[in-house]
Amino acid sequence: MKLNSHNWKLACLPFGVVALVISLVAWASSSPINISSKAPLTAEGKSFSQTVMQVDRFFEKQWSENEITPARISNDHLLLRRLSLALHGTIPSLEEIREFDSMQGEDRLERWTQKLLADRRFADYFSERLARAYVGVSGGQFIIYRRDRFKAWLSEQLQANTPYNELARELIAGEGLWTGDPQTNYITAASTEGNLDRNKLTGNTVRAFLGQRIDCAQCHDHPFDHWKQSDFEGLTAYYGQVEIQVFGVRQNEELKYEVEDRDTLEKRTVSPQVPFLPECLPEEGTLREKLAAWVTHPKNRRFERASANRIWGLLFGVPYIAPVDDLPAPTDLSQSEPDLLDILGDDFRKNGYDIKRMIQIIVASKQFRLSSTSENNEPEQIERDTDAWALFPLVRLRPEQVIGSMLQSSSLKTIDQNSNLFMRGRRYFSELDFVSAYGDLGSEELNDFPGTIPQALLRMNGKFAKDNGSASPLNSVGRIAQLNISDEKRIETCFLVCLTRLPTELESEHFLKQYQAEPNQSAKITEDLFWSLYNSPEFSWNH
Amino acid sequence: MIDSTFLSSKINRRDLCKVALGGSLSFMLPGFDLKAAQKRGPERKKSVIILWMGGGPSQLETWDPHPGTKIGGPGKAMKTALPGLQISDMYPLLAEQLESMSVIRSMVSKEGDHERGTKYLKTGYRPEPTTVYPALGAIITHEAPNSDLEIPQHISMGNIQQPARGGYLGGHLDAFRINDPGKNIGNMRASVKSPRQNRRLDNLSVVSQTFQKGRAIQAQKTLHQSTIDRALTMMSSEQLNALEIDKEPESVRKAYGDSPFGRGCLVARRLVEQGVHSIEVNLNGWDSHANNFNGHITQSKLLDPAFSSLLKDLKSRDLLDSTIVLCIGEFGRTPKINGLDGRDHWPTGFSCIVGGGGLKGNVIIGETDPTGKEKKPKDPVEIQDLYATILQKLNIDYTKELISPIGRPLKLSEGTPIQKLI
């Protein structure tokens with residue numbers, strides 16, 4: 001009897017395994033968990049549009065003073081593409097283009113922006129951008145540094161739209177374990193070989209939050225700015241009592257910050273000291289809490305200006321003032337007019353350091369909507385217009401934007417958190433591989449960089465290009481080639497999917513001839529059409 | 001701006017040339033470019049091959065054995081063709097080829113972390129957040145480019161996390177990466193045959209023209225098309241043959257070893273013949289925190305045949321006088337053997353082999369303490385000194401200053417040449 005029951009169990013085992021596999025696959029491939037949010041019905045209120053107007057007027061005044069005519073306003077599809085690239089790191093899907101086209105009203109772009117900001121893809125994409133500014137891309141010290149947790153934490157904050165000053169304070173003054181309180185990875189990222197590099201923390205903090213490079217003052221006075229070595233040491237002393245122990249990042253009030261004097265080689269104690277605005281230091285709190293309060297103090301205009309410059313940079317691909325983290329000292333506003341960063345910074349401070357609001361202001365401004373084409377053919381004039389932001393700059397897409405766009409264009413549906421697990425997994429791993437093959441820019445990603453031959457080869461002949469560009473029933477190339485539509489529509493769909501625009505007459509004619517010459521070669525012709533779109537400058541440049 | 005007929009006819013013309021060239025010259029020595037073959041010996045333009053030992057090899061199980069001591073472990077030492085030099089007996093083939101090479105046993109670094117150590121040892125500058133320094137190979141390519149090359153000037157072979165980078169000199173000087181050398185030419189060939197490839201390029205020029213309307217000047221500044229053109233030139237270049245080793249005799253391929261590293265060393269020799277000046281071949285797997293001795297035996301079976309064959313070939317082809325070969329990793333390993341029979345990171349007193357390219361040979365620099373108590377080796381050498389030496393031998397002024405993107409003047413190398421090697 002006993003033997004029998006055993007047999008019975010054995011016989012059932014294969015069925016059990018099959019059932020398990022089926023349910024796993026079904027779970028993995030199941031689609032919507034939560035439906036992506038609809039675009040809201042109205043845009044922001046009055047103070048919002050006032051700031052937008054202020055930004056517009058700031059540029060218009062400059063243009064008229066310098067006799068510059070701004071480019072015309074771009075069409076909505078192009079703006080849709082810019083928005084998706086800036087906020088999600090990918091181009092819009094055909095599905096999204098159709099949804100946008102069905103929206104009514106003057107303010108549909110504003111509402112569309114809000115929809116993109118509410119999407120999880122925004123928080124995920126921006127958290128990586130900010131993580132690069134805060135801790136770079138390197139792996140850091142094993143065990144005590146968890147970049148993945150840090151990024152996930154940032155993503156949560158962005159999703160919840162935590163005020164930016166609060167976020168900065170958490171990073172600078174946070175306590176706890178790198179796993180449970182992931183913001184503390186900001187501190188542990190500066191650790192190598194069991195030693196916490198406090199100089200690195202100071203350099204990072206000042207660059208990321210105050211937009212100043214004072215790292216070189218670590219060893220000597222800044223060559224052309226007013227930073228002194230003593231400023232650097234005084235600031236670093238605020239990190240003098242932070243300690244990494246078994247229980248995580250902690251303050252140890254016993255600790256004194258000592259440096260070795262470069263001349264006498266003797267140790268001397270440095271007391272915490274800020275280089276300017278000492279009145280912004282609070283009386284109470286640990287040293288790091290004091291530093292955090294000083295960095296984010298409403299009177300410390302460097303904080304809001306640095307934030308504005310970085311957000312502007314992430315939206316346009318180039319910061320308003322480059323490099324993104326080396327800004328000139330703020331001017332006295334009683335003596336001179338506010339510049340762009342002052343205007344954006346002022347609104348930022350008065351509205352609770354709301355990142356999403358600042359993004360909406362920038363994309364609602366005229367500069368974001370200007371065309372990148374010009375009537376002009378004079379190189380000097382083009383340069384002048386570009387410098388004056390009277391022409392939308394051509395900016396090379398960053399590696400993850402290129403792979404994001406390639407992946408998105410290989411599917412007709414939106415690839416997001418609602419995509420099936422297979423699709424999301426593919427996106428995750430493709431991105432890792434592609435970015436490393438394409439050349440990761442690390443924390444330098446807002447600097448100008450030249451395109452390389454390996455990148456061209458990767459786009460033309462690489463595995464991703466081959467996989468995404470070969471017709472299959474699962475990808476857009478195959479599906480578009482198979483669709484029972486006219487060849488004109490087929491060509492239109494390819495262009496919308498890859499370039500977010502319709503083909504010109506000339507282009508339409510060119511490809512139509514190919515389809516007509518070989519009616520049963522639809523798949524190959526569509527593949528070759530896709531290939532040329534992937535490799536066009538229009539695909540890999542923001543324009 | 002872009003003439004579609006020009007692009008497609010260029011491909012056809014190249015293809016034609018290829019057939020003609022292949023027909024007339026194929027009987028010549030395999031893999032030999034006529035131009036490269038002309039100049040041999042010391043007057044040839046110099047190349048540098050770096051054999052990168054990723055993870056940090058133990059000096060004690062490679063070039064600085066201390067047999068019979070407490071720190072020496074079970075390994076033995078053997079004599080080499082370099083007078084007075086004994087190395088680990090795991091390297092019998094290499095031992096025969098070391099004549100005219102030199103060994104430094106007193107490399108010192110201040111970076112004991114893989115990532116930071118690799119950055120430092122590959123660039124000669126300790127890593128810091130505001131500046132990304134260029135690797136030695138990128139500096140050489142920047143200062144002494146070879147305009148005859150249609151293939152990349154700076155090549156890194158073998159899969160590694162941190163290949164040589166162009167740093168602040170620019171991404172175009174990043175090493176061109178070949179993950180599986182000799183096996184897979186990867187992206188370097190078009191994915192479709194020529195009638196379709198021509199149609200694709202034709203399509204591309206139609207679509208590009210639309211983009212240029214109203215953006216003629218900006219689009220030109222992007223260099224998008226010229227980068228594609230250069231990539232296409234490379235895709236149809238004869239010089240790509242240097243990357244393919246199937247025409248090498250089987251005995252040669254066998255001698256190097258059929259591993260990514262062995263094939264990489266063989267390709268490296270072919271690249272030198274082609275006129276590539278900066279080559280890196282990576283061998284990972286040296287991070288022996290546990291089971292150090294067996295690990296080093298496994299590694300030696302990859303390194304010994306490849307390294308020795310490379311030196312032998314370079315010598316027999318009269319190329320060693322114009323090729324500097326450097327074998328080094330990010331640090332060494334502790335004299336102390338840990339509880340897992342492993343050795344941990346040791347950035348003070350580790351070893352490298354360097355030579356060729358007119359460097360003085362048969363020199364042994366430095367000495368480590370056989371008891372392992374004294375951390376500091378005799379005659380310590382820092383990597384920037386070694387790089388200054390190499391740059392000087394390449395007739396590149398290592399004191400020349402370049403301006404980094406943040407406006408800071410930086411010397412090509414902050415070291416001073418090692419007199420014993422010059």
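**Exercise 1.** At roughly what angle do the axes of helix 5 of chain A and helix 15 of chain A cross?

*Solution.* Keep in mind throughout that this is a predicted model.
- Begin by finding helix 15 of chain A at residues 355–364. Helix 5 of chain A covers residues 108–118.
- Next, follow the two axes: they come within 10 Å and cross at roughly 145 degrees. The crossing is right-handed.
- Then look at the residues that meet. Helix 5 of chain A brings Glu110(A), Thr113(A) and Leu117(A), while helix 15 of chain A brings Lys356(A), Ile359(A), Gln360(A), Val363(A) and Ala364(A).
- Finally, sort this contact by class: four residues are nonpolar, two are polar and two are charged.

**Exercise 2.** Find Ala118(A) and say how many C-beta neighbours it has inside 10 Å.

*Solution.* 
- Ala118(A) belongs to helix 5 of chain A.
- Ala118(A) has 18 C-beta neighbours inside 10 Å. A buried residue needs 20 or more and an exposed one has 12 or fewer. Ala118(A) therefore counts as partly exposed.
- For a sense of distance, go from Ala118(A) to Ile187(A): they are 69 residues apart in sequence, and their C-alpha atoms are 29 Å apart in space.

**Exercise 3.** Describe how domain 1 of chain A touches domain 2 of chain A.

*Solution.* 
- On the domain 1 side, helix 13 (301–316) and helix 15 of chain A each give two or more residues. Helix 13 of chain A gives the most, with six residues.
- By class, that side has five nonpolar, four polar and seven charged residues.

**Exercise 4.** Which elements of chain B supply at least two residues each to the side that touches chain A?

*Solution.* 
- The contact between the chains takes 46 residues from chain B and 47 residues from chain A.
- In chain B, the elements to pick out are helix 4 (114–123), helix 6 (194–212), helix 7 (216–221) and helix 8 (224–235).
- Helix 6 of chain B has the largest share, 10 residues.
- The chain B side divides into 19 nonpolar, 15 polar and 12 charged residues.

**Exercise 5.** Why is strand 8 of chain B largely enclosed by the rest of the structure?

*Solution.* 
- Count along residues 323–329: seven of the seven residues are buried, so strand 8 of chain B is largely enclosed.
- Thr323(B), Val325(B), Cys327(B) and Gly329(B) point one way, and Ile324(B), Leu326(B) and Ile328(B) the other.
- Strand 1 (residues 47–53) of chain B runs parallel to strand 8 of chain B, joined by seven bridges. Here Val48(B) has Ile324(B) as its bridge partner.
- Strand 11 (residues 348–355) of chain B runs antiparallel to strand 8 of chain B, joined by three bridges. Here Leu326(B) has Val354(B) as its bridge partner.

**Exercise 6.** What do the buried residues of helix 20 of chain A pack against?

*Solution.* 
- Nine of the nine residues of helix 20 (residues 453–461) of chain A are buried, including Leu457(A) and Met460(A).
- In chain A, they pack against helix 19 (421–438), helix 21 (463–469) and helix 25 (522–534).
- In chain B, they pack against strand 6 (176–178) and helix 8.

Conventions: Residues numbered from 1 in each chain as written. Chains lettered and ligands numbered in written order. Predicted model: local features only at pLDDT ≥ 70, side-chain atom pairs only at ≥ 80, totals over all residues. Helix = DSSP H or I, 4+ residues; strand = E, 2+ residues; numbered from the N terminus. Contact = placed C-beta atoms within 7 Å. Nonpolar A, V, L, I, M, F, W, Y, C, P; charged D, E, K, R; others polar. Axes fitted to C-alpha atoms, helices over the stretch in contact; angles between N-to-C directions. Left-handed = near helix turned anticlockwise from the far one by under 90°. Pairing = 2+ DSSP bridges.
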